[in-house]
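User: I'd like to learn how to read the features of a structure one at a time. Could you take me through one as a tutorial?

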Amino acid sequence: MKYYIFLVLAALFWSGNFIFGRLISSSVEPLQLSFFRWFFVFILLLPYMLIHKQRLINSLKKDFRILFLFGALGVAGFNTLLYYGLQTTTATNALLINSSTPIFIIVLSAIILKVKITKIQSLGVLLSSIGVLYLILKGSLVTLLTLEFTQGDLWIILACLDWALYCILLKFKPKDLNAFDFLSITTFIGIVILYMLFRLQGFSFEFSFVSSDEVLYSLMYMVIFPSLLSFYFWNESTVAIGANKAGQFTHLMPIFGAILAFLLLGERLEFYHFIGITFIAIGIYISMFYKRKVV
């Protein structure tokens, strides 16, 4: 049960990342936001890294290739692609596309890990997907006709593929690494990659981009909740219960997005929200707790 709670919290915090990322998208460059977000995560983790320096160095030397991949995909890749997408696409489109992540996880798991998909799992994914679509389309198929896709949507699709690959590769996370060791090493790798890209793009190491309280508080939220806490919760839980099951919890993000928009932006919760939430909850319950013969 602990891991399911962790996954719910991770989805909640990441939903806020979408909202705050879109909120300040016109004030901060995507690569700049991604770099400084993870730079401050690195600063917070630095005392832990220094205390356990030798153990972390030994682990990095021993499993460098797979850990480099985790740092590149999970830390440097996903959020940078997401922030680029949020510059030119709507939150609605971003959440709609993000809802495809569990499908990518299941397909890539079948291709890479040879994981077989059960009928009941497929049913759970289908019901959750219907719930997400119903929620995003506000209960009306007419809304589907008015959706416009932009270059930002392609960035979001790449981000989803990036995250799906990260999730299924967590199966190969070194067993001797605890959650904080793993987060510390991947954060270090990710920040090195981001810093090189940051410098190549001509950015300078200065904090002038924090031009308002809106940007400052958004960055503080991103550092603590969707970075430190969500990555810890997600990494622990995905290794424990598997990528296919964990991936279903991303379907909670449109629900949390609607609730956060209501609380923070004053948007109303409509009847279609509750219909969508019901389908998503049933789908997750079926895929989590019902087991049938593998086909």
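This is a predicted model: local features need pLDDT of at least 70, side-chain atom pairs count only at pLDDT 80 or more; totals for chains, interfaces and linings use all residues.

User: How many helices and strands does the protein chain have?

Analyst: Helices (H or I, at least four residues) and strands (E, at least two) are DSSP runs, numbered from the N terminus. In this protein chain there are 14 helices and zero strands.

User: What share of the protein chain is buried, and what share of its contacts joins residues 24 or more positions apart?

Analyst: Buried means under 20% relative accessible area, exposed means over 50%, and partly exposed is in between, using a 1.4 Å probe and protein chains only. Of the 295 residues in the protein chain, 52% are buried. A contact means heavy atoms within 4.5 Å. Among contacts with a separation of 6 or more, 91% are between residues 24 or more positions apart.

User: Which residues have the most contacts inside the largest nonpolar core?

Analyst: A nonpolar core is a set of buried Ala, Val, Leu, Ile, Met, Phe, Trp, Tyr and Cys residues joined through side-chain atoms within 4.5 Å. The largest one here has 78 residues, and Leu67, Trp163, Tyr166, Trp234 and Leu252 have the most contacts inside it. Take Trp234 as an example: leaving out residues up to four places away in sequence, its contacts include Leu7, Trp14, Trp163, Cys167 and Thr250.

User: How do I read the aromatic pairs, and which residues do ring pairs link into a cluster?

Analyst: Rings of Phe, Tyr and Trp (its six-membered ring) pair if their centres lie within 6.5 Å; planes under 30 degrees apart count as stacked, over 60 as edge-to-face and the rest as tilted. The whole structure has 36 aromatic pairs. In one of them, the ring centres of Phe198 and Phe203 are 5.2 Å apart and their planes are at 20°, so this pair is stacked. Phe198 and Phe203 are both buried. Ring pairs also link Trp14, Trp38, Phe70, Phe78, Trp163, Tyr166, Phe182, Phe231 and Trp234 into a cluster.

User: What lines the largest cavity?

Analyst: On a 1 Å grid over the protein atoms alone, a cavity is a set of points where a 1.4 Å probe fits but cannot get out, and lining residues have an atom within 4 Å of a point. Grid points are joined across faces, edges and corners, and a volume is the space filled by probe spheres set on the points. The count is one cavity of 30 Å³ or more, and the largest cavity holds about 70 Å³. Its lining consists of Trp14, Asn17, Phe18, Phe78, Leu82, Asn98, Thr101, Trp163, Thr250 and Met253. Helix α1 (2-23) and helix α4 (64-88) each supply at least two of the lining residues, with the largest share, three residues, coming from α1.

User: How many of those lining residues are nonpolar, polar or charged?

Analyst: Ala, Val, Leu, Ile, Met, Phe, Trp, Tyr, Cys and Pro count as nonpolar, Asp, Glu, Lys and Arg as charged, and the others, Gly among them, as polar. The lining has six nonpolar, four polar and no charged residues.

User: Where is Thr101, and what does it touch?

Analyst: Thr101 is in helix α6 (residues 101-113) and is buried, with a relative accessible area of 1%. Beyond four places in sequence, Thr101 touches Cys160, Trp163, Ala164 and Thr250. Thr101 and Thr250 are 149 residues apart in sequence, yet their C-alpha atoms are 7.3 Å apart.

User: Is Tyr134 buried, exposed or partly exposed?

Analyst: Tyr134 is partly exposed because its relative accessible area is 29%. Tyr134 lies in helix α7 (residues 119-136), and its contacts beyond four places in sequence are Gly139, Tyr272, Ile275 and Gly276.

User: And where is Pro174?

Analyst: Pro174 sits in the loop between α9 (151-169) and α10 (179-200). Pro174 is buried, at 7% relative accessible area. Beyond four places in sequence, Pro174 is in contact with Asp63, Ile66 and Leu67.

Conventions
Residues are numbered from 1 along each chain as its sequence is written. Side-chain values use heavy atoms; hydrogens and water are left out. On a 1 Å grid over the protein atoms alone, a cavity is a set of points where a 1.4 Å probe fits but cannot get out, and a pocket is an open set with protein on both sides within 12 Å along at least five of seven lines; lining residues have an atom within 4 Å of a point.
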